[in-house]
Every structure is written in C-alpha cells, then in structure tokens.
Amino acid sequence: MTTISLDKLKELVELQRPGYTLDQQFYTDPDIFEIDLNTFFLNHWIFIGHISRIPNIGDYFLFETGNESVIVIRGTNNQIYAHHNVCRHRGSRICVENNGNKKVLVCPYHAWSYNIDGSIKSARLMPENFNKDEWGLHKCNLRVYEGLIFINFSDHPDDFNEFIKPTSLFIELHDLSNAKIAHREVYPTYGNWKLTLDNFHECYHCQPSHPEYCQVHDAEYILSFGGGSQSSGVESKSFNKRLEDWNNKVQSLGHLTGVYYEKEFSQYSRSAERTPLSGGRLSETKDGKPAAPLMGKFKERDGGYTSVGPSPFNSLLMCNDFATLFTFIPKGPIETDVELTWLVHKDAVEGKDYDLQNMVWMWDKTTIADKKIIEDNQKGVLSKKYKPGPLSKMEKSLDSFKTWYLRRLLLSI
Ligand code: FES
Ligand SMILES: [Fe+2]
C-alpha cells in the first residue's frame with residue numbers, strides 16, 4: 001500500500017513547471033511508482049508479444065510487471081489465452097519458468113490442475129460442495145490484433161477498437177499477422193519508466209549518442225523529430241519539402257501516407273506517421289539496401305518508415321521489409337525492461353533471405369546506447385543536488401508526454 005497521501009501528490013503535481021523536467025520524487029519514489037503502475041501501465045492496452053512466439057498448442061510465456069504475472073498460452077483451435085498466474089486454491093504462482101510448453105497447468109503447491117482454457121481439470125480431496133466451475137483461473141483481458149498480442153489488466157478496460165482505430169491503417173499496412181519473430185531481446189534498464197520514456201521522446205541526444213541512428217535518419221528529420229507536420233521538434237522547411245515530395249510519389253503508388261497525433265487531451269497518448277528514410281534508403285540498414293523480402297501491403301519498396309505509438313509503452317517502427325517493436329515494461333521504481341521484437345515476413349529464411357545482424361544492427365546498438373545514457377541520467381537524478389532542468393526546442397515531445405502524464409495522473413487522484 002502506498003503511504004503518500006493523495007492530497008500531497010496533487011499538490012506535487014500542481015507544483016511542476018511547464019518546460020522543465022519533473023521533480024525527483026516522480027523518478028524515484030516507490031509510492032508514486034505504485035500509483036503510476038495502477039494508473040497507467042495496468043490500465044492501458046499493451047502489446048506484449050507476437051503470436052509467433054507461441055506457435056504450438058501449449059506454448060506459453062509469462063508477462064510480468066510489479067506483482068502481476070500473466071500466463072499467455074496457445075490453446076486448441078489456435079486460440080490464445082491470458083490467465084493470471086495465481087492459483088485459485090491458496091494463491092501460488094502456477095508457472096514459474098518464463099516460457100515453455102504445457103498441455104495442463106499444474107500448480108506446484110498442492111497440484112490443482114487447470115486446462116489451457118483456464119478451467120479446473122482436477123482438485124484433489126475437496127469437499128462435496130466444491131464446484132469446479134467457480135474456480136477457474138482469472139482471465140486477463142486479451143486481444144490479438146494483426147498478429148500482435150495485447151493485454152489490459154484493468155477491471156474496466158477501454159474499448160479495444162476505439163483504442164486502436166486512429167493508428168490501425170498504419171499498422172495494417174505492414175501485415176504483421178503474416179510475420180514471424182526474427183529476434184527478441186530484453187534490455188533491462190536501471191531507470192524509472194518515465195525517465196526511460198523521456199529519453200525515447202526526444203532526439204536532442206541522438207547526435208552525441210547515436211551515430212548509427214544518425215546514419216539512417218538524416219539530420220533534418222532528427223531536427224523535426226516526431227514528424228515535420230506535427231511540429232513537436234524544430235520546424236525544418238527542407239524536411240517538410242522532402243516529405244511533401246515523397247508523399248506525392250508514394251500516394252501515386254497507392255501506399256498510405258500521413259500522420260496522426262492526439263489533437264486534444266485524451267486518456268490515450270497515441271501517434272502514427274509515415275516518413276521517408278534518409279538519402280533514398282530502402283531500409284533501416286547500414287548501407288540502406290533492403291534487409292529482407294518485402295512484407296505488408298506494399299506494391300513496391302517506397303523507402304518509407306512507419307512509426308506507431310499505440311500508447312507510451314509501445315513503439316512499432318516499421319520499414320518495408322522488417323519491423324522493430326518496442327515494449328517498455330516498468331519493473332520497479334528505478335527499473336524498466338525495454339523489450340525489442342524484430343519481425344520479418346513469415347516465409348523469410350535467415351541466412352538466405354535476410355542477415356540477422358544487418359537487420360538488428362541499428363536498434364540493437366541504439367538501445368544499448370540508450371540504456372547507458374538513461375542509467376547515467378537516473379544516477380544523477382538520485383543525487384540530492386538534482387533539480388528539474390529546462391528543456392530545449394528539440395524536447396517538445398518530452399514536454400508533451402510529461403504534460404499528458406501529469407494531467408492524466410491528476411484526473412485519477
Ligand atoms: S496453492 Fe495451488 S494447489 Fe494449493
Ligand atoms: Fe536514444
């Protein structure tokens with residue numbers, strides 16, 4: 001249970017200055033972390049994995065955050081289930097390995113067993129009036145959309161269709177239901193989830209920290225990071241012109257163009273856009289050449305880059321031939337897992353159709369560099385000398401994220 005009073009938190013929220021970073025407590029305090037977790041992460045639809053992670057009946061993986069653990073498992077008829085990993089007898093964890101294959105879920109404590117669909121299979125020596133039907137596993141809200149597994153921990157989840165609608169055309173363009181995982185990597189990061197996301201919301205740090213990213217995305221794009229037309233960065237006339245020319249060319253191919261962002265405050269914080277890669281590159285690779293066979297609804301390679309943020313906790317970054325999907329998982333007050341999943345066309349063969357190192361090159365190097373700068377940032381923020389600092393013109397997206405966070409938090413208090 002949290003010990004910070006809601007009045008105190010409200011007072012603290014109202015003291016935050018626009019255009020500055022947050023007070024220290026927001027990046028360090030265990031009580032605020034618990035409130036954050038319940039208000040945000042456990043209250044949003046979160047993409048947690050691609051269906052190809054569990055291809056066979058009985059394949060499962062655990063998704064864990066805070067005190068919560070969910071078993072995501074493939075049942076018969078290819079249906080995917082999400083069950084809370086809490087035995088209905090006396091509450092033990094049922095699955096303790098991070099992933100595996102199980103035809104029956106057996107609790108290690110007193111051996112109650114559950115079918116893949118969560119119903120009880122057997123419970124020994126229970127009284128005559130024990131009704132098995134009442135003691136199935138608690139279900140977690142789940143939605144499989146375009147091959148992407150989303151869950152929502154809320155007892156009253158937002159309507160999924162309403163949530164996904166504004167970004168759906170951008171996602172569906174890449175036909176991720178016909179993709180497979182080429183690689184998956186977790187980057188445990190010693191940093192509060194907001195500090196981790198602050199870093200992801202700005203490209204002020206890209207020049208000093210990300211030579212690989214700056215090679216693929218040109219300086220003008222980086223300057224106007226967040227989309228030229230969204231003006232969340234520094235307005236760049238030359239990038240806007242290049243975007244306009246590219247839009248015209250791509251529209252003539254019948255491909256999607258455009259941008260989406262929340263024009264007004266809402267409980268969501270969604271965004272989507274398509275932009276050209278730098279210098280006529282066809283993919284997010286070192287030499288700009290294709291990384292893998294074409295995927296999605298593209299008639300031909302258009303050298304575009306689709307960025308979708310269905311919530312602050314996910315980024316779907318997609319070229320014509322592969323996709324890099326991010327999940328930011330708050331694990332503790334100063335601990336966040338950054339999980340990356342790289343997808344390619346389901347028929348692509350590693351070593352023949354794509355070179356894995358070439359494909360993961362940019363985001364692997366960039367995420368390792370981000371981990372380092374976030375961790376150094378967190379160490380400084382823990383110091384008694386930390387005070388909120390002023391944001392630059394290239395950190396407008398960070399400021400918007402911070403404003404959204406405070407407003408949303410205030411509404412829940
Ligand atoms: S706690 Fe699971 S069988 Fe007893
Ligand atoms: Fe970065």
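This is a predicted model: local features need pLDDT of at least 70, side-chain atom pairs count only at pLDDT 80 or more; totals for chains, interfaces and linings use all residues.
## The iron site

Let's start with the metal. The iron ion (ligand 2) is held by His205 (NE2), His210 (NE2) and two OD contacts from Asp370, at 2.0 to 2.6 Å. Written as a sequence pattern, the donor residues of the iron ion read H-x4-H-x159-D. That spacing brings distant parts of the chain together: histidine 205 sits in the loop between α6 (193-200) and α7 (206-209), while aspartate 370 belongs to helix α11 (residues 356-382), 165 residues apart from histidine 205.

What about the geometry around the iron ion (ligand 2), and why is the arrangement called irregular? The four donor atoms subtend angles of 54 to 151 degrees, so the arrangement comes out as irregular. For a tetrahedral label, all angles would have to lie between 85 and 135 degrees. One caveat if you plan to set this site up for a calculation: water is not among the atoms, so sites may look incomplete.

As for solvent, histidine 205 counts as buried because its relative accessibility is 11%. Aspartate 370 is buried too, with a relative accessible area of 7%.

The protein splits into domain 1 (46-152) and domain 2 (160-412). Their C-alpha centres lie 32 Å apart. At the interface, 17 residues of domain 1 are in contact with 25 residues of domain 2.

How much area do domain 1 and domain 2 bury between them? The figure is about 1,800 Å², with 62% of it on carbon and sulfur atoms. On the domain 1 side, Phe47, Tyr145 and Glu146 supply 33% of the area buried against domain 2, more than any other three residues.

The rule finds one salt bridge across the interface of domain 1 and domain 2. As for charged pairs with a partner in each residue range, arginine 53 and glutamate 339 meet through their side chains in a salt bridge, at 4.0 Å from N to O.

## Salt bridges

In total the count comes to eleven salt bridges. One of them joins the side chains of arginine 184 and glutamate 339, at 2.9 Å from N to O. This pair links distant parts of the chain, with arginine 184 in strand β11 (residues 179-189) and glutamate 339 in strand β17 (residues 335-345), 155 residues apart. Arginine 184 is partly exposed, with a relative accessible area of 30%, whereas glutamate 339 counts as buried at 8% relative accessibility.

Next up is aspartate 321, which forms a salt bridge with arginine 301, the closest N and O atoms being 2.8 Å apart. Aspartate 321 lies in the loop between β15 (314-318) and β16 (323-332), and arginine 301 in the loop between β13 (271-276) and β14 (304-311), so the pair ties together parts that are 20 residues apart in sequence. Is aspartate 321 buried or exposed? At 0% relative accessibility, aspartate 321 counts as buried. Arginine 301, at 25%, counts as partly exposed.

## A pair along helix α11

Lysine 371 is partly exposed, with a relative accessible area of 26%, and glutamate 375 counts as buried at 16%. Elsewhere, salt bridges that share partners join Arg53, Arg184 and Glu339 into one network.

## Two positive phi angles

Most residues other than glycine have a negative phi. Asparagine 77 is not a glycine, yet has a positive phi of about 60 degrees. Asparagine 77 is found in the loop between β3 (68-74) and β4 (80-84), and counts as exposed at 74% relative accessibility.

Alanine 111 also has a positive phi, of about 70 degrees, although it is not a glycine. Its place is the loop between β6 (104-106) and β7 (113-115). With a relative accessible area of 34%, alanine 111 is partly exposed.

Conventions
Residues are numbered from 1 along each chain as its sequence is written. Chains are lettered from A and ligands numbered from 1 in the order in which they are written. Side-chain values use heavy atoms; hydrogens and water are left out. Donors are N, O and S atoms within 2.8 Å of the metal (3.2 Å for Na, K and Ca); water is not among the atoms, so sites may look incomplete. Four donors count as tetrahedral if all angles lie between 85 and 135 degrees; four count as square planar and six as octahedral if opposite donors are over 155 degrees apart and all others between 65 and 115; anything else is irregular. Helices (H or I, at least four residues) and strands (E, at least two) are DSSP runs, numbered from the N terminus. Buried means under 20% relative accessible area, exposed over 50%, partly exposed in between (1.4 Å probe, protein chains only). Domain bounds come from an automatic or database domain assignment. Contact means heavy atoms within 4.5 Å. Buried area is the accessible area (1.4 Å probe) that two parts lose on being put together, summed over both.
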